[in-house]
Amino acid sequence: MRYRIVPVTRFRQNCSLLWCPDSLQAAVVDPGGDLDLIQAAIAEEGVAVEKILITHGHADHAGGAAELSQRLGVPIEGPHLDDTFLIEAMAKQAARTGLSEARGFTPSRWLDEGETVRIGQLNLAVLHCPGHTPGHIVFHHAASKMAVVGDVLFRGSIGRCDGPRGDHMQLVNAIRGKLWPLGSDTEFIPGHGDMSTFAWERASNAYVCDFVEY
Ligand SMILES: [Zn+2]
Ligand SMILES: [Zn+2]
């Protein structure tokens with residue numbers, strides 16, 4: 001799997017363009033805004049976007065999905081159904097965050113644990129990792145040992161859990177119970193900030209390293 005990260009919105013959210021090197025079919029994960037930047041990256045890489053994938057319903061990740069879906073004529077897949085309340089409240093989120101372009105949508109397909117999404121010849125597994133939001137999902141491409149984790153895990157930190165229906169222990173359990181078993185050599189693209197590996201986080205992340213007990 002090939003990828004390119006395009007930080008978008010004033011929250012510097014890591015929108016990522018993922019593509020299959022054989023077919024050049026691509027997916028845009030979390031187009032929170034700055035759609036012109038995203039479309040410029042698509043054109044530069046010369047890939048054909050076939051779908052939009054959403055990790056969770058926060059405006060900085062999902063706020064541009066409706067508009068990009070319209071512009072490109074492609075479906076939206078994800079997040080998990082439990083983030084419906086956030087997507088329905090997109091206008092309120094937009095007002096609170098200043099992301100005034102953010103719009104709600106109904107995805108073509110809600111995603112759940114154990115399902116697969118295709119990008120060209122690539123199959124990505126879907127993991128349901130609630131805690132930051134109840135319907136947060138993670139995409140994993142086993143063959144390239146890579147995960148796109150949204151606001152579940154960051155380099156040196158984890159997602160905030162003080163929002164509506166956030167749950168700290170649920171998040172910690174999802175990270176340890178679902179992400180770590182994917183393998184320490186897994187590299188991940190977080191929703192904000194630099195990339196990292198599960199090995200690095202297990203050794204040094206103050207919230208979820210192997211030395212922290214709850
Ligand atoms: Zn978030
Ligand atoms: Zn975020």
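Reader: Is V152 buried or exposed?
Author: This is a predicted model, in which local features need pLDDT of at least 70, side-chain atom pairs count only at pLDDT 80 or more, and totals for chains, interfaces and linings use all residues; side-chain values use heavy atoms, without hydrogens and water. Residues are numbered from 1 along each chain as its sequence is written, while chains are lettered from A and ligands numbered from 1 in the order in which they are written. Buried stands for under 20% relative accessible area, exposed for over 50% and partly exposed for what lies in between (1.4 Å probe, protein chains only). The relative accessible area of V152 is 0%, so V152 is buried.

Reader: Which residues is V152 in contact with, apart from its neighbours within four places in sequence?
Author: V152 sits in the loop between strand 9 and strand 10; helices (H or I, at least four residues) and strands (E, at least two) are DSSP runs numbered from the N terminus. Contact is taken as heavy atoms within 4.5 Å. With those neighbours set aside, the partners of V152 are C129, H136, V138, I158, G159, L171, I175 and L179.

Reader: Which protein residues are donors of the zinc ion (ligand 1)?
Author: Donors are N, O and S atoms within 2.8 Å of the metal (3.2 Å for Na, K and Ca), and sites may look incomplete because water is not among the atoms. Along the chain, the donors of this zinc ion follow the spacing H-x1-H-x73-H-x18-D. Lying 2.2 to 2.3 Å from the zinc ion (ligand 1), they are H56 (NE2), H58 (ND1), H132 (NE2) and D151 (OD).

Reader: What is the arrangement of the 4 donor atoms around the zinc ion (ligand 1)?
Author: Four donors count as tetrahedral if all angles lie between 85 and 135 degrees; four count as square planar and six as octahedral if opposite donors are over 155 degrees apart and all others between 65 and 115, and anything else is irregular. Here the angles run from 90 to 165°, so the arrangement is irregular.

Reader: Which residue bridges the zinc ion (ligand 2) and the zinc ion (ligand 1)?
Author: The protein donors of the zinc ion (ligand 2) are D60 (OD), H61 (NE2), D151 (OD) and H192 (NE2), at 2.1 to 2.6 Å. Their 4 donor atoms subtend angles of 87 to 152°, so this arrangement is irregular. The two zinc ions lie 3.6 Å apart, and the residue that bridges them is D151.

Reader: Where is H80 found?
Author: H80 counts as buried because its relative accessibility is 8%. Among its contacts beyond four places in sequence are W110, D112 and H128. H80 is found in the loop between strand 5 (76-77) and helix 4 (84-88).

Reader: Is Y214 buried or partly exposed?
Author: Y214 lies in the segment after helix 7 (198-204). Its relative accessible area is 49%, so Y214 is partly exposed.
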